[in-house]
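Work through the exercises below. Each task is followed by its solution.

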Amino acid sequence: MARKTKEDSQKTRDAILDGAERVFLAKGIANATMAEIADAAGVSRGAVYGHYDNKLQVCQAMIDRAFALDALRFPAQRGSACDTLLAAGCYYLAQFLEPGSPQRVSQILYLKCEQIEENRSVLRRREMADRLTMHYTRRQLRRAIAQGELPATLDVGLSAEYLVYLFTGLYELLENGPATLPRCERILRGALEGLSHAASLRAPIPHGGGSTTTPGSA
């Protein structure tokens, strides 16, 4: 009997988180209420409060579930670092359009999470994901430099910021539907190709025989 009770409790939590995804997508986090989440989940308000104290706890649990499923899984590394970055970017652009919990939570984090103090705990989760993405991008850029794919004078930190913030902006373009995916992929490919030629993303080679460094690469 205890096993059945535990399974029933998990089913209720999943229903609550499924309902929360629908409500947050439709109304944003700030405008959503626990009552609306309960209605969307098909459970009583008491059932929701039996598992979560407030909607932000619901949101945190929703994010945890999505991240555990897929949201921060980078594709396998390829021989070319630039190809690896392109593959990773295309993977997450496609995932954004793939129906499922990771897609819905990504849309909530980047399009429906208002920049207000109430949402600070959720915004920190998005910032954590962005930091992991930034770290991954820097690592691949350093590998591209070591393999001769990109110039040694590339400013790794600045270039990573350029790629990550450009990529984040592509989510808004994808709101127009799957037909925009090829355009997004071309934009990303063009940005990566441009790293070899953009003077504004390079740092001067040190004089006096010192070793070459990449500012912002720490």
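**Exercise 1.** Find which residues form one aromatic cluster.

Step 1. Phe96, Tyr110, Phe167 and Tyr171 make up the cluster. The model is predicted: local features need pLDDT of at least 70, side-chain atom pairs count only at pLDDT 80 or more, and totals for chains, interfaces and linings use all residues. Residues are numbered from 1 along each chain as its sequence is written, and side-chain values use heavy atoms, with hydrogens and water left out.

Step 2. Take the aromatic pairs; the whole structure has 4. Rings of Phe, Tyr and Trp (its six-membered ring) pair if their centres lie within 6.5 Å; planes under 30 degrees apart are stacked, over 60 edge-to-face, the rest tilted.

Step 3. Tyr110 and Tyr171 are a tilted pair, with centres 5.2 Å apart and planes at 45 degrees. Tyr110 sits in helix α6 (residues 101-111) and Tyr171 in helix α8 (residues 156-174), so the pair ties together parts 61 residues apart in sequence. Helices are DSSP runs (H or I, at least four residues), numbered from the N terminus.

Step 4. Check accessibility: buried means under 20% relative accessible area, exposed over 50%, partly exposed in between (1.4 Å probe, protein chains only). Tyr110 is partly exposed at 22%. Tyr171 is buried at 7%.

**Exercise 2.** Classify the pair Tyr91 and Tyr92.

Step 1. The ring centres of Tyr91 and Tyr92 are 4.8 Å apart, and the planes meet at 85 degrees, so the pair is edge-to-face.

Step 2. Tyr91 is partly exposed at 29%; Tyr92 is buried at 9%.

**Exercise 3.** State how many disulfides the structure holds.

Step 1. The count is 0; a disulfide needs two cysteine sulfur atoms within 2.5 Å.

Step 2. For Cys59, the nearest cysteine sulfur is that of Cys113, 6.6 Å away.

Key:
Helices (H or I, at least four residues) and strands (E, at least two) are DSSP runs, numbered from the N terminus.
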